[in-house]
Amino acid sequence: MKVMIAAGGTGGHIYPAVALAEVLKERDPKTEVVFFGSNNRMESTVIPSLGYRFHGIRMFGMNGRLSAKIGSAVSMLRAETLCRKLMQEEKPDIVVGFGNYISVPLVRAAHHFKIPTVLHEQNSYAGKANRFLARIADKIVGCYESNLKQFPAGKTLLLGNPEASIAAKTKWDPSILKEYGLKEDVPFVICMMGSLGSSSVSKVIDDCLDYLGKQFNVIVATGKSNSYTYKHDSRDNIRIVEYVDGKQMLKGCALAVLRAGATTMAEIGAIGTPSILIPSPYVPNNHQYYNARELSDLDGAVLIEEKDLNAKGLADTINELMANPERREILRANAYRAGKRDAAEKMVDLMEELIGNE
């Protein structure tokens with residue numbers, strides 16, 4: 001089987017696509033996976049570094065002024081011409097789009113040549129690209145009940161995020177805590193606002209540390225591109241670090257304070273992590289709020305909107321949950337129940353079925 005995957009823009013689109021590629025290769029090492037994306041965004045370095053072939057093109061999104069939208073339309077037409085040539089050269093058996101405007105030309109070109117196509121929507125509020133492509137796609141894979149209302153009936157399946165299949169295999173290694181000078185038998189809270197961090201929430205977390213109990217440890221991952229400088233240093237039961245192994249932290253922690261991006265949501269469901277979710281309000285369609293809302297409505301997480309966030313309130317919520325293991329267990333069980341730990345495998349099954357029907 002030869003698969004072409006369009007993915008790019010952010011890690012939320014890229015890493016689920018890479019997870020699918022990994023499971024495809026696990027099932028059949030002879031499967032060939034070729035990626036398509038922007039040549040000036042993170043996929044152009046991340047994907048080749050993982051050993052996958054990558055075709056890149058310069059494209060522009062539809063946001064901004066009229067002149068920007070016209071430029072985007074022109075770049076889209078050029079990209080589709082290139083993608084039609086790629087279809088003839090690569091001859092894939094199936095094409096998968098993981099959202100973002102970079103998916104549009106590849107999926108349209110595949111449809112032109114009657115090559116089966118699948119879309120993957122990671123968020124509870126579907127993005128523009130997937131909504132635009134839904135009419136021509138053969139199948140659409142979603143993660144939330146709300147996706148069933150956003151896409152055509154009959155070809156939309158709730159199989160989950162492929163990243164969950166990778167997260168579900170995570171094994172907790174408590175010796176990691178020794179690297180931070182922490183005891184393995186003391187429960188810990190992990191605070192992570194994504195790989196890049198969040199300056200606005202970091203300020204609240206920093207102030208919040210003064211109000212937290214001493215009976216548990218706290219690890220704060222600041223992120224690699226965070227403009228905020230913490231006033232707290234690592235001391236006593238608190239560790240301030242730039243980066244952690246996210247899956248390991250979610251597996252081992254007693255409680256996590258997180259954003260609500262698609263990959264994070266897939267991981268906490270697959271692992272079963274009790275969490276406080278602070279969705280970013282700075283993303284398209286406020287989709288992180290809707291991601292978090294779907295889980296909090298199932299009593300699988302505590303939702304705090306950033307506009308309602310303050311240091312004392314966050315500290316009170318953390319302290320209350322850390323003092324109440326029964327409540328944390330309810331959150332864990334409900335999050336785990338909502339998780340889809342075989343998402344990538346089921347998506348591969350679907351792809352094989354589509355190819356077999358050709």
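Guide: Here is a walk through the sheet, a helix lying on it and one lysine in it.

First, some housekeeping. This is a predicted model, where local features need pLDDT of at least 70, side-chain atom pairs count only at pLDDT 80 or more, and totals for chains, interfaces and linings use all residues. Residues are numbered from 1 along each chain as its sequence is written, and side-chain values use heavy atoms, with hydrogens and water left out.

Now the sheet. Seven strands make an open, parallel sheet, and the order across it is β3-β2-β1-β4-β5-β6-β7. Strands here are DSSP runs of E with at least two residues, helices are runs of H or I with at least four residues, and both are numbered from the N terminus. Two strands pair if DSSP finds at least two bridges between them. At the edges sit β3 (53-57) and β7 (156-158), each pairing on one side only. From one strand to the next, the twist averages 20°.

Zoom in on β4 (residues 94-97) and β5 (residues 117-120): they pair in the parallel sense over three bridges. G97 has L119 in β5 as its bridge partner.

Next, the helices. α4 lies across β1, β2, β4 and β5, and runs at about 155° to β4. Angles like this go from 0 to 180 degrees between N-to-C directions, with axes as lines fitted to C-alpha atoms, for helices over the stretch in contact. Helix α1 (residues 11-27) also lies across strands, namely β1 (2-6), β2 (32-38) and β4, and runs at about 170° to β2.

Back to α4 (residues 103-112), which is mostly covered, with seven of its 10 residues buried. Buried means under 20% relative accessible area, exposed over 50%, and partly exposed in between, using a 1.4 Å probe and protein chains only. The buried ones are S103, V104, P105, L106, V107, A109 and A110. Just after α4, K114 takes a positive phi of about 60°.

Last stop: K139, in strand β6 (residues 139-142). Leaving aside neighbours within four places in sequence, K139 is in contact (heavy atoms within 4.5 Å) with T117, V118, L119, G154, K155, L350 and L354. K139 and L157 are 18 residues apart in sequence, and their C-alpha atoms are 7.7 Å apart in space.
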